[in-house]
Amino acid sequence: MRTVPIVFFILSLSFLPSAFCSSQNPESLSADTIQGNSLLELLERKHSTTIFYKAEWVEQHQFPTGVAAMPIEEAIEQIKEIAGLNSINIDGMIFLLPAESSSPDPISSGNDLLVIGSPSEYGRYSRAAISGEVLDAATYEPLFGAVVYEPVTETGASTDFEGKFSLELPVGEYNLRISYVGYDEKRQRVRLISNGEVRFELFSGATQLDEFTIIARRAEDNISRTQMSMVSMDSQALKELPGSFGEQDIVRSFTMMPGVQTVGEFGSGFNVRGGSADQNLILVENVPLFNSSHLFGLISVINPDMVNNVTLMKAGVPAKYGERASAVMDVRLGNGLDQEKTTVEGGIGLINSRVLFETPIVEEKATFSLGARSSYSDWFLTNIPNEDLMNSSVGFYDISSLLNIAITQNHRLTLFGYRSFDRSNFGDDLDYEYFNNLASLRLNSFLNERLSSTFLMGFSNYQYQLDEKPEFYPEAHYRMNSNVNYRNLKWYFSYYPSDVHNMEFGINAIHYDIEPGKITPLEQVTQIHQREMEREQAMELSAFFSDEISLNERMALEIGLRYTHYLQLGPATVREYESEKPYSFDSIRDTIHYASGDIATTYGGLEPRLGFRYSLNEFSSVKLSYNRANQYINLISNTSVMAPTDLWKLSDSHLKPLKSDQVALGYFRNFMDNSLETSVEVYYKKLHNVIEYRSGAEVAMNDFLEMDVINAKGYNYGLELFMRKNSGDLTGWASYTYSTSQRRSQSPFPEMQINNNTYFPSNYDRPHNLTLNANYHLSRRWRMGATFTYNTGRPVTLPELTYRYNGNMLIYYSDRNSHRLPDYHRLDISITLGENLRVNQRGKGTWTFSLMNVYGRKNPFSVFYKSEPGTIQTPRSFELYQLYIIGRPLPTITYNFSF
Amino acid sequence: MVKKIKYQLVLLSSILLLQGCQEIYEHNMAGLPDYLVVQGLLTNQQGPHGVRLSYTTPYGNETNTDMVSDAQVWITDNEGNEIYLEESTPGWYYTPNDFNGEVGKTYVLHIATPDGYIYQSDPQEMMPPINLQNLDAEFTTEVFYFESNVSSRIYQDIIEGTKVYLETLWEQGDIPKFRFKAELYLQYTVTVTDMPETWDYCWMTWNASRFLPRDIPDYSGGTGYQNHEIGFLPYNTSDLIYLSLPDHSFDNNRTLITTLYSLNDESFAFHQAKNAQLTNEGKFFDPIAVQLQSNIHCVNEPERKVFGLFEASSATAFSHRFVYKPATDSVEIHPWINPELIPEDDCLYMEYPDFWIH
């Protein structure tokens, strides 16, 4: 009922200009000129039309009286020319708008680029529709008669009684202008990729928001796209998520989605549908990250402020992606070319702070973004009255930079650079350092309306260094280094021969160069000799093609094929073993040395990709997908949790490429006008040559790694239920996953068998996974959030029996992973105080208060063994410990700012 | 005020960082059955050779080890000979004194326990003896831990002494598989009560590799291993007491008797895994457990677990004297006598034994 007077008020406002004009004094007319307001009134009467405008745009101008006698079109043209206005005609109504060049800088509603449509559909459509609504920002009431206008194409639309509009444009980037009489005009940069919905809010008074509340993709996108098992979030959606330590965390956020888990509470990486963390390709501006975590997994290395959008593909991965067996996470940074003014934003937290600087270099031609984060945790460690902690330090920083250049109208260059650094020192004994260095160049070329190309050059480097300096043992002081270099060239084309075909094809070359390990003595008296593991090099060459075919209105098919050819390059040492014995020093039959550049081993394979969608109706669809992927680089780790010191290893004659085949089937259904999404997905994934480890495997500095590694097979399957509410005061989602992940060794030799070659649960087998997330907007400024997660405890191998042998206490362990840690569950809550709405506010800030682990559950993160030193009286013994990261409620506070 | 703010910040930060913790992980394995543990060693040296039989205990419920008494234990060889072992102390079974193994023969251990189970080892071939290739030594320090009898607290002592290293080289495909044991030979004099100027000349041996986590070399280097520590010889006689040695008037001679036991593949794998298990500790993120494979199985219930090892090894012993030269900070190594000439710990009254080091 409250809407009736408001609609009436809006309608009144809509007609206010003409009412105002009619009240003007006719004396303002001179003999041969006429004042603007009067002229427009005359034109309205004469042509029985309605002209919308602001009085101040025309009242200072005098127009020739002859204009009133002109046909309406010519008259408007004259008015536009004299007053410096633009116009659009919508449903017989004429809207006058300030011209781009003549108007002063409007009160901008923000500089965020609004991406409309799914990033995965980039380049697939030539035109797309923007639909949505325009609301009063203070009351959320719809504004009838508001105008959404694109000045370059001179296309616009007005809103209906419900504040809704629809505007169709060629895909590309635009500056939309949203105006309504009596309200401040708003400009919004948009990147239109495919059909999508937006919501614009206008302010009538002296209040203004810095961000839109957006639905940056089509509401029914989950129903209508062929791609399934995909989670996509834009920057705004990420900001709504609960963060870690008061800061949004890209990787952590995705672990709350169905089918995505972590092994430990804060372990590096994440696991998708039962795969290990190294089976995920995490691309940041098209180059892979080899370690995605700061502080051993506490915070992800991706600066959330820099992120434009993130897409995670768990199945049906398009053919242009490869390299890893489980999933692809594609992280895109920056806001493109539409940075209109210099902005600074950032956040101050208790563990670290961050800042993002964005500026145009040449308007609409070149923009630059620089983001940085740094921790400052050392100083308080030194103040804690604990000897170990006083002598410890831990810290990190990361810097991201992005330069966008429009070389020509059809060629855009993007340069990206990134560096992250972590260091930690425990007591005086152990120093860790690890780095990520990334760089990429991307050239997008729009060759014609149907053909575009993307050329990519990428470089990724990961290195770690460990110094061990035990007190009193200078003879044991050493340094261990490892280094991974990845170079990538990729060139692909997007081609749309017709409305029913959407093709992509291209080539890709990757060069891997890994220095697995090097030990260097740190002191002259160090007894450990310098030693270096053999360097590994390889090329991965691939070609790919895909076509998304709209078979009819209901059905779409996506077919793809990727061929990869892998070459292990020399110098390399390849050992041959006797076939009737397990790998051991005794069974080495021959050793072959390959010179630099020689090809030691080759592998190749086709990777078919298939996706199919059948739309049952406007609100529901069924999808099916199949994809195969080959992976030639693996993380070797003899622990359950991905750690910075784990070893990256290339496929060779013994360590065969990991191959995965996945079939997924899903039913997608939206309710409540697409504001409530639901889905049910089932998947089955078969793995070949998955890496497992023989009893007591050693990873670090092991020149004979093939003796400790087992090529196993495995399968994962699961059921994922998902429900998400996208709009309204209450948003959030609920997800439940039932899954299993099993592995099995296949060796005929007992030494190389795990659990007698029977299936056993992998480290990532956590059958029940439940996440509940809710955000409630108490008011425009206050927002509350809560997240509850539950996981079945992960499998572990525990000691079952002990016995004495030659004075030592020995342990009999259970079968591999036959026990489980206690179930994991945690509740986090947060409350956010949004920015002040005043227009004249110089800087804007938000406060976020959060409480992690509200009820203080001690969720075991790891179980490990700790030696009690053997004494004169007793031999050494062992005790089993559990490590938990957050054992009590953990409050954090963060201040985010922008100006 | 500044101090107060600083205190508050430190407090706040402590709350943040010290949330995580470690504590003993309780998991109750009580109720698991007891399984047989075998520790058997047959060498080519003069007998008797012993087999120790005991039972496992559930993890976390360790009590005194239950020994297996009244079992029947015998060894057969590939020539059809049977040697029966006698129980001398509870759980310890010995061969006759005049029995020794022979290189090249294979031996099988048989056990019949009072609970009706019959066990049998895989045939164990006794491999040829290993020749010591080289020893090295350096003068350094070593940390030893001891438990206070009063407070039960663990204390550490840093003791000066000589570390002895074994150097073993091999060609690819010809890996010498062995384990070692190093014993410190010590000699001392004892004043005979009420008889001034009269002395007992005594000697004893002490397991100098007792605190080492490994008793086989590290083979991961591929073609040989240098400087594998096999024992520590305290320099100051006064420090010997920290090694739990008796409070005797030991002299300053430091002599090491090294015994190398050749291993067949099964025994080698067992000891390798044992070493790995003993050193695979203190690592976060639950490393892959090291499982030891026994070479013994239960005959009348094949699924029944058995632990331990029956080892048939040829033993080779060497002895060396180590003399530290402070002037040059170096250690001289002198080969000594055949260790077989040194009888078990004993004393001679007013008479030097033949091997006495003057």
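B:C202 comes out as buried, at 1% relative accessibility, where buried stands for under 20% relative accessible area, exposed for over 50% and partly exposed for anything in between (1.4 Å probe, protein chains only). The model is a predicted one, with local features needing pLDDT of at least 70 and side-chain atom pairs counting only at pLDDT 80 or more, while totals for chains, interfaces and linings use all residues. Residues are numbered from 1 along each chain as its sequence is written, chains are lettered from A and ligands numbered from 1 in the order in which they are written, and side-chain values use heavy atoms, with hydrogens and water left out.

The partner of B:C202 is B:C347, and the sulfur atoms of this disulfide sit 2.0 Å apart; the criterion is a pair of cysteine sulfur atoms within 2.5 Å. B:C202 belongs to strand β14 (residues 199-207) of chain B and B:C347 to strand β22 (residues 346-349) of chain B, so the pair ties together parts that are 145 residues apart in sequence. Strands here are DSSP runs of E with at least two residues, numbered from the N terminus. With a torsion of about 110° around the S-S bond of B:C202 and B:C347, the disulfide is right-handed. B:C347 is partly exposed, at 32% relative accessibility. The count over all chains is 1 disulfide. Another cysteine, B:C298, is buried, with a relative accessible area of 1%.

Then there are the salt bridges, 34 of them over all chains, each being a side-chain nitrogen of Lys or Arg within 4 Å of a carboxyl oxygen of Asp or Glu. One of them links A:D765 to A:R820, with the closest N and O atoms 2.4 Å apart. A:D765 is in the loop between β45 (760-761) and β46 (768-777) of chain A, and A:R820 is in strand β51 (residues 819-820) of chain A, so this pair ties together parts that are 55 residues apart in sequence. A:D765 is buried at 2% relative accessible area, whereas A:R820 is partly exposed at 33%. Salt bridges with shared partners also join A:R273, A:K314, A:E681 and A:E720 into one network.

A:R589 and A:E576 form a salt bridge too, at 2.9 Å between the closest N and O atoms. A:R589 is in strand β36 (residues 588-594) of chain A and A:E576 in strand β35 (residues 572-577) of chain A, so the two tie together parts 13 residues apart in sequence. For A:E201 and A:R199, the salt bridge has its closest N and O atoms 3.5 Å apart, and both residues are buried.

Terms used. Helix = DSSP H or I, 4+ residues; strand = E, 2+ residues; numbered from the N terminus.
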